[in-house]
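Before this entry goes further, please read the points below alongside the coordinates.

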Amino acid sequence: MHIPILNIPLLYSGAIAQGAIKDLMVTIISTILSFILGTLGATARLYGPKLVKTVVYWYVEIIRGLPAILQLFIIYYGFTQWGIDFSPLTAALIWLVAYGTGYGVEIFRSGIIDVPQGQWEAASALGLSRTMTMFRIIVPQAYVAMLPPLTSFVVLQLKNTTLLYLVAYSDIMYQARLGTDATEQPGILYLMAALAYLIMSLAIGRLGYRLERRAAAYR
Amino acid sequence: MSNEAVISAQRVTKRFGTQVVFEDVSLDVHKKEVVAIIGPSGAGKSTFIRCVNQLHPFNGGTLEVLGHTLTGGGPPPSREVLQDIRTRVGMVFQTFNLFPHLSVVNNIILAPREVKKIPRPRAVEQAMELLAMVGLEHKAEMFPRRLSGGEQQRVAICRALAMDPEIMLFDEPTSMLDPELVGEVLAAIRRLARQGMTMLLVTHEMQFAKEVADTVVIMADHHIVEQGRAAEVLDAPATERAQVFLRRILKPAEVDEVGEVAPARLRGRL
């Protein structure tokens with residue numbers, strides 16, 4: 001079966017768009033969750049009791065130290081040996097959140113330690129509690145300091161979703177792959193996939209810059 | 001000035017590791033008294049006033065603040081004690097330390113709202129009154145970065161005053177300012193002194209200390225070398241170390257390379 005190359009975009013743009021939506025969805029959900037867990041993890045790593053600090057430290061090291069695909073395969077395939085069977089979507093989300101949290105902790109930690117000591121002192125001198133200081137004074141400033149690395153990180157997470165086709169999550173990559181098998185025209189299909197990713201990562205980048213500009217009002 | 005001491009330090013000592021920051025510092029601050037600590041850099045002045053509101057712990061001696069007794073080297077004070085001291089003792093820093101992500105008015109109302117649970121409209125009203133007092137009510141909605149150093153420091157003073165403190169600590173409040181901005185900050189502190197605020201301030205402004213302070217304490221080489229009535233200490237210091245320090249400060253142009261002030265008759269010949 002040969003389909004004229006110009007018909008491919010027409011035939012497959014729907015499938016690619018569907019894949020894009022699924023990629024975007026897991027990226028957004030996992031970013032929000034890793035954002036929250038990363039903030040808590042970074043706080044725990046900096047100010048928590050010794051045991052908690054150690055646990056967070058090792059968590060970060062493991063996430064950073066193991067190859068991404070291996071982590072994903074452990075969650076999706078590894079656990080089946082003990083009867084734990086995750087659906088592709090669940091496995092995808094667990095992995096993206098786990099991975100995102102590991103890197104999130106480090107990004108937030110650097111943001112938090114960037115805030116000058118004088119801010120802590122001023123808050124303490126006014127009688128604000130540590131928790132209050134953390135969430136009203138330190139974290140808002142840390143968020144601004146870490147916007148650039150955070151933007152890069154969200155783009156990285158979006159790109160990480162390509163790995164999900166290996167656990168049969170029907171993302172862009174999966175759709176492009178299916179199309180390639182059916183039409184034997186990988187060039188045009190992967191080009192379409194590339195375009196979809198590029199549009200999404202450009203959009204994330206723009207959003208990041210907009211947030212930075214707004215934050216710049218006080219910097 | 002009544003006789004009630006609101007801060008009373010007895011042989012307070014602070015070390016960082018084996019390095020002595022200050023040793024055996026004993027001084028009293030009475031209600032409505034203004035005490036100025038002066039002295040060369042590195043003498044431990046700033047660290048000492050940070051011990052008063054427990055931004056730093058100390059290693060020896062006792063420090064009584066508003067009825068609470070803090071003991072050096074002992075267990076840290078309870079959260080309640082710390083909170084009580086900090087809500088009743090205001091502090092102004094050398095580097096202003098305003099919260100950059102909050103507007104001027106939000107800087108001022110944050111602690112009254114969160115710590116004292118004052119409703120927002122009342123906190124704002126009070127903040128505006130304080131800002132008007134230092135002539136900055138028109139800057140209420142601005143972010144601190146938009147303000148000059150002198151304006152930022154005046155806002156910082158308002159922020160501390162918004163907690164209605166019984167004592168104010170000033171840690172070199174004008175040393176980060178351009179010379180032409182020093183006056184406006186000193187004017188705000190002077191007004192507070194006139195209103196009877198109890199104050200402990202670390203400063204390099206000798207003239208100001210002489211004019212505003214009741215008591216002057218000279219710290220040098222990690223110790224108090226002299227303390228007493230402001231005019232006496234500054235005009236006729238009794239100790240050699242205080243004399244040397246004051247000469248260097250008051251006549252910097254006449255200090256030679258080894259830090260000695262040349263006697264007047266010699267200077268004529270040079």
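This is a predicted model: local features need pLDDT of at least 70, side-chain atom pairs count only at pLDDT 80 or more; totals for chains, interfaces and linings use all residues.

1. Chain B contains 10 helices and 10 strands. Its radius of gyration is 20 Å, close to the 18 Å that the globule rule gives for 270 residues, so chain B is as compact as a globular protein of that length.

2. The C-alpha trace of chain B spans about 65 × 45 × 35 Å along its principal axes, and buried residues account for 44% of the 270 residues in the chain. Of the contacts in chain B between residues at least 6 apart in sequence, 62% join residues at least 24 apart.

3. In chain A, helix α9 covers residues 186-215, and because its 30 residues should span 44 Å at 1.5 Å a residue, the 43 Å between its end C-alpha atoms agrees with expectation. The buried residues of α9(A) are Leu189(A), Met192(A), Ala193(A), Ala196(A) and Ile204(A), and their cover includes α1 (7-47), α7 (147-160) and α8 (172-183) of chain A. In general, an α-helix has 3.6 residues a turn, so residues three or four places apart point the same way.

4. Asn97(B) has a positive phi near 55° and lies in the loop between β6 (89-92) and α3 (104-114) of chain B. Asn97(B) is buried, with 24 other C-beta atoms within 10 Å.

Terms used
Residues are numbered from 1 along each chain as its sequence is written. Chains are lettered from A and ligands numbered from 1 in the order in which they are written. Helices (H or I, at least four residues) and strands (E, at least two) are DSSP runs, numbered from the N terminus. The expected span of a helix is 1.5 Å times one less than its number of residues. A residue is buried if 20 or more other C-beta atoms lie within 10 Å of its own, exposed if 12 or fewer, and partly exposed in between; C-beta atoms are placed from the backbone. Two residues are in contact if their C-beta atoms, placed from the backbone, lie within 7 Å. The radius of gyration is taken over C-alpha atoms; the globule rule is 2.2 Å times the number of residues to the power 0.38.
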